[in-house]
Amino acid sequence: MLCLGIEGTAHTVGVSIVDENCRVHSNLQDMYEPLEGGIHPREAANHHAECLIHLLNKSLEEARKGFDDIDLVAFSQGPGLGPCLRTVATAARSLSLSLGAPIMGVNHCIAHLEIGRKTTGCEDPVLLYLSGGNTQVIAYSEKRYRVFGETLDIGIGNLLDKFGREVGLRFPSGPAIEKLALKGEQLLSLPYSVKGMDVSFSGILTAALNLLNQGQKLEDVCSSLQETSFAMVTEVTERAMAHLEKEEVLLGGGVACNQTLRNMVECMAEERGAAMFVPDAELCVDNGAMIAWTGILAYQSGMRMGVEDTQINQRFRTDDVDIGWR
Ligand code: AMP
Ligand code: MG
């Protein structure tokens with residue numbers, strides 16, 4: 001079975017062709033970069049619409065397949081930015097209808113978890129999902145992926161990007177902040193906001209900018225920003241692992257590319273006799289392959305969708321999906 005997956009929840013539009021063994025035949029993406037400021041949803045959606053035809057053709061070409069070979073069309077149904085989701089859903093519906101192939105809407109957060117589970121070989125992990133818009137600690141329990149902790153305001157990637165924008169770094173700023181942080185020499189005090197199993201980042205952003213205004217070095221603020229926010233999510237993840245008695249932690253989302261974060265989570269895992277798993281970078285960031293693979297899992301579990309079931313859901317909750325494949 002060959003599935004064509006389309007991702008488009010935020011700044012990245014991706015098209016990928018994946019088979020039932022999770023062999024990735026092609027996995028292409030293009031990223032919308034705002035000229036200034038943050039993501040403008042309508043502009044991002046226009047970007048996706050402009051890129052999609054090219055990505056579709058190139059994806060088939062790279063996979064050496066034709067449209068006729070596609071058995072299933074999967075797309076990111078949410079959560080995400082409305083205009084981006086609608087653009088991708090429209091493309092998926094037209095493909096499905098014109099090819100006569102079934103369609104499957106996929107929850108983006110679950111897709112991060114499933115591609116990680118399949119490609120890293122972990123079985124029943126706690127997923128620490130850290131991306132631009134999302135920050136969640138997710139694990140499987142009784143037929144659902146449940147959220148055990150999450151951000152109460154902005155995503156952790158958003159924290160880094162917003163901070164970066166204020167200090168004149170390019171979007172997305174995570175990688176540049178990581179580099180600057182390596183030269184940090186002292187840990188500055190920032191609000192450590194863990195509330196129960198949830199975290200909040202907006203106060204840290206304000207406090208970090210205040211530190212700069214007070215004359216602290218950018219490198220020190222960057223390393224303190226990473227140290228504090230990463231420690232918060234690591235703490236919540238550890239607590240989830242302890243309560244759920246899970247021995248695997250899986251990282252996902254663009255922020256999982258960060259080596260300081262990986263070191264911190266790995267250290268936590270090792271200290272409790274658990275193991276950390278990280279997918280390859282191209283499968284950590286938003287990508288079509290994870291959508292295609294999760295589409296295949298859902299389809300093979302017997303799930304079916306008519307076009308009337310493919311409305312997008314900007315606030316699609318991770319725990320809204322019945323998991324028929326576990
Ligand atoms: P995603 O939304 O999953 O595609 O991930 C995008 C987010 O990941 C953006 O907020 C980036 O700033 C962030 N990101 C990418 N690479 C890194 C890195 N090396 N360190 C920290 N954040 C990163
Ligand atoms: Mg994502």
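Where is the place of Ser-131?

## Ser-131 and the ground rules

Ser-131 has its place in the loop between β6 and β7; helices (H or I, at least four residues) and strands (E, at least two) are DSSP runs, numbered from the N terminus. Ser-131 counts as buried because its relative accessible area is 7%, where buried means under 20%, exposed over 50% and partly exposed in between (1.4 Å probe, protein chains only). Leaving out residues up to four places away in sequence, Ser-131 touches Gly-155, Ile-156, Gly-157, Asn-158, Gly-253, Gly-254 and Val-255, with contact taken as heavy atoms within 4.5 Å.

A word on the model: this is a prediction, with local features needing pLDDT of at least 70 and side-chain atom pairs counting only at pLDDT 80 or more, while totals for chains, interfaces and linings use all residues. Residues are numbered from 1 along each chain as its sequence is written, and side-chain values use heavy atoms, with hydrogens and water left out.

On the contact itself, domain 1 puts in 21 residues and domain 2 puts in 23.

About 1,700 Å² is buried between domain 1 and domain 2, and carbon and sulfur atoms give 61% of that. Buried area here is the accessible area (1.4 Å probe) that two parts lose on being put together, summed over both.

## Nonpolar cores

A nonpolar core is a set of buried Ala, Val, Leu, Ile, Met, Phe, Trp, Tyr and Cys residues joined through side-chain atoms within 4.5 Å. The largest one has 44 residues, and Phe-163, Phe-201, Leu-225 and Val-265 touch the most other members. Among the elements that each supply at least two residues are β6 (126-130), α4 (156-166) and α8 (259-271), but the largest share, 9 residues, comes from α7.

Take Leu-225: beyond residues up to four places away in sequence, Leu-225 touches Leu-159, Leu-160, Phe-163, Leu-190, Ile-204 and Ala-208. Apart from this core lies another, of 35 residues, including Phe-277, Met-290, Ile-291 and Trp-293.

## Rings and charges

A search of the whole structure turns up 1 aromatic pair. Tyr-140 and Tyr-145 form it edge-to-face, at 5.6 Å centre to centre with 70 degrees between the planes. For the cut-offs, rings of Phe, Tyr and Trp (its six-membered ring) pair with centres within 6.5 Å; planes under 30 degrees apart are stacked, over 60 edge-to-face and the rest tilted. Both Tyr-140 and Tyr-145 are buried.

Tyr-140 also has the charged end of Arg-326 over its ring, 4.0 Å from the centre. Arg-304 likewise lies over the face of Tyr-299, at 3.7 Å from the ring centre. The test is NZ of Lys or CZ of Arg within 6 Å of the ring centre and within 35 degrees of the ring normal.

Terms used:
Chains lettered and ligands numbered in written order.
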